Amino acid sequence: FKLACNQLGISWVPVNPDYRAAEISYLLTDSQAVLAITAPEYQDLMQQGLTSSLSDISLCLFENIELLTVFDAPNLAPYLTEPIGAETESSLIYTSGTTGKPKGCIMSHEYELMMGEWYCGLGGLVPFVGGHTRVYCPLPLFHVNAAILLFFAVIKSGSCQIIPERFSARHWWPDIVNTRATSAHYLGIIIPALMNQPAKDSDQDHGIEWAVGAGVEPTLHHAFEERFGFPLVEVWGMTEMCRLLADHQEPRQVATRAIGRSGPGLEVRVVDADDVEVPRGMPGEMTLRYSSNMPEKGAFSGYLNLPEETEKAWRGGWFHTGDTVTMDADNMIYFVDRMKNIIRRSGENIAAAEIEACLQDHPAVERVAVIAVPDDMRDEEVMACIQLSVERTDNTPKNLFDWCYERLSYYKAPGWIVFVNEVPVTGTQKVQKHALFAENADPTENAHDFRAFKKR
């Protein structure tokens with residue numbers, strides 16, 4: 001369907017099926033959509049979004065699409081006569097909107113093709129072999145990973161993409177065996193969810209040769225590879241700049257959060273708040289470009305309706321990722337955390353990801369999200385929001401605090417611990433920290449206070 005739209009010069013705007021009517025309304029309005037196409041089970045929801053947005057556009061069911069004409073969708077007609085080229089908009093992918101309204105990333109035909117060519121051309125531990133490679137990807141088709149990056153990589157290489165409905169720890173291995181998958185994609189909670197399953201003698205009875213993803217907890221990386229028998233290749237990418245960085249050549253930097261090295265076609269600089277390059281080994285924001293002559297080649301075309309945001313992201317001729325990293329003397333880049341997940345406590349910069357990795361290694365923890373909460377004395381304090389995998393006891397909070405306190409610098413241990421029924425995740429299995437608490441709620445209201453225990 002996407003390719004058919006693109007051949008006609010129509011831009012494809014996928015919709016997250018978990019959206020509510022108000023979110024669909026925003027997307028329809030912001031994207032200036034001219035036609036809405038939906039599966040029957042989402043017809044009522046899409047109609048609610050259309051009604052709320054006051055959009056005067058046609059609604060069509062997928063099963064009736066072959067009957068669609070320009071008379072049924074007159075707003076579509078002008079797009080069918082425009083010339084199609086490399087810079088023509090192919091897709092409009094909306095970011096997850098974890099800190100505000102989602103932004104529409106404009107993606108050209110050239111950009112999407114470059115994504116696929118870059119990915120299937122990585123080599124090393126990530127070989128795409130035509131007629132052999134089958135990639136099991138449980139990530140949703142409204143996300144750039146499955147819908148564009150992998151999609152065009154398998155087309156370019158003559159490989160196969162396996163598309164389950166969604167991630168399920170229970171169905172992961174049966175699906176992989178039944179589909180004869182040779183590789184897989186992972187993100188977010190997928191690796192800990194698989195590791196939390198009971199070990200079996202059949203854990204290596206599969207055909208997986210490699211898996212690509214991001215965000216595996218360092219304490220789980222080597223243990224997962226030993227248990228299941230294939231490498232987890234950590235990569236970095238984002239919707240706006242999806243030519244991947246990858247730690248895909250041996251010897252890999254397993255369990256270090258290494259994400260690869262820069263090179264021709266993807267130059268990297270690590271800078272401070274004033275865009276001054278920091279010394280090697282020091283943390284800073286990762287900025288990227290294609291080259292000094294063509295910095296924006298192979299990147300998204302900008303944020304729809306937000307030229308000021310696009311200009312801000314590209315200030316100084318480098319794309320600002322919003323990710324904190326370090327780079328060593330050999331140009332290896334190590335992911336620290338999203339800048340928005342850096343907790344500023346008494347002058348110390350604390351990466352939430354480091355504390356999450358520590359807690360995730362505790363047998364009682366099913367899922368965890370670490371956030372910053374205001375503190376009158378220290379500016380911000382560390383709060384751990386924990387979904388337990390076992391029944392809670394009276395001493396569980398203190399045990400979890402002690403677990404961190406013994407393994408991390410004293411100031412990194414959580415000053416607050418709160419238990420939640422569920423740590424919410426997106427369709428791509430990324431934790432939704434903004435959805436942990438209701439708006440204007442006090443996160444500390446039902447939390448356990450360990451601030452007095454944090455001593456040098």
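# Charge, fold and aromatic pairs of a predicted chain

The chain carries 37 positive and 61 negative side chains, and the centres of the two sets are 5 Å apart. Lys and Arg count as positive and Asp and Glu as negative, while His and the chain ends are not counted; each charge is placed at NZ of Lys, CZ of Arg, CG of Asp or CD of Glu.

The model is predicted: local features need pLDDT of at least 70, side-chain atom pairs count only at pLDDT 80 or more, and totals for chains, interfaces and linings use all residues. Residues are numbered from 1 along each chain as its sequence is written, and side-chain values use heavy atoms, with hydrogens and water left out.

## Overall fold

The chain contains 11 helices and 22 strands, taken as DSSP runs numbered from the N terminus (helices H or I, at least four residues; strands E, at least two). For 456 residues a compact globule would have a radius of gyration near 23 Å, and the chain, with 23 Å, agrees. That radius is taken over C-alpha atoms, and the globule rule is 2.2 Å times the number of residues to the power 0.38. The C-alpha trace spans about 70 × 50 × 50 Å along its principal axes.

Of the contacts with a separation of 6 or more, 65% join residues 24 or more positions apart, where contact means heavy atoms within 4.5 Å. Of the 456 residues, 51% count as buried (under 20% relative accessible area; exposed is over 50% and partly exposed in between, with a 1.4 Å probe and protein chains only).

## Aromatic pairs

The chain has 20 aromatic pairs. Rings of Phe, Tyr and Trp (its six-membered ring) pair if their centres lie within 6.5 Å; planes under 30 degrees apart count as stacked, over 60 as edge-to-face and the rest as tilted. Two of the pairs are set out below.

| Pair | Centre distance | Plane angle | Type |
|---|---|---|---|
| Trp-173 and Phe-230 | 6.4 Å | 70 degrees | edge-to-face |
| Phe-401 and Phe-450 | 5.1 Å | 10 degrees | stacked |

Trp-173 belongs to helix 6 (residues 169–179) and Phe-230 to the loop between helix 8 (218–228) and strand 9 (232–238), so their pair ties together parts 57 residues apart in sequence. Trp-173 is buried, at 15% relative accessible area, and Phe-230 is buried at 3%. Phe-401 sits in helix 11 (residues 396–407) and Phe-450 in the segment after strand 22 (448–449), so this pair ties together parts 49 residues apart in sequence. Both Phe-401 and Phe-450 are buried.

Trp-173 and Phe-230 also belong to one aromatic cluster, together with Tyr-136, Phe-167, Trp-172, Phe-224 and Phe-228.
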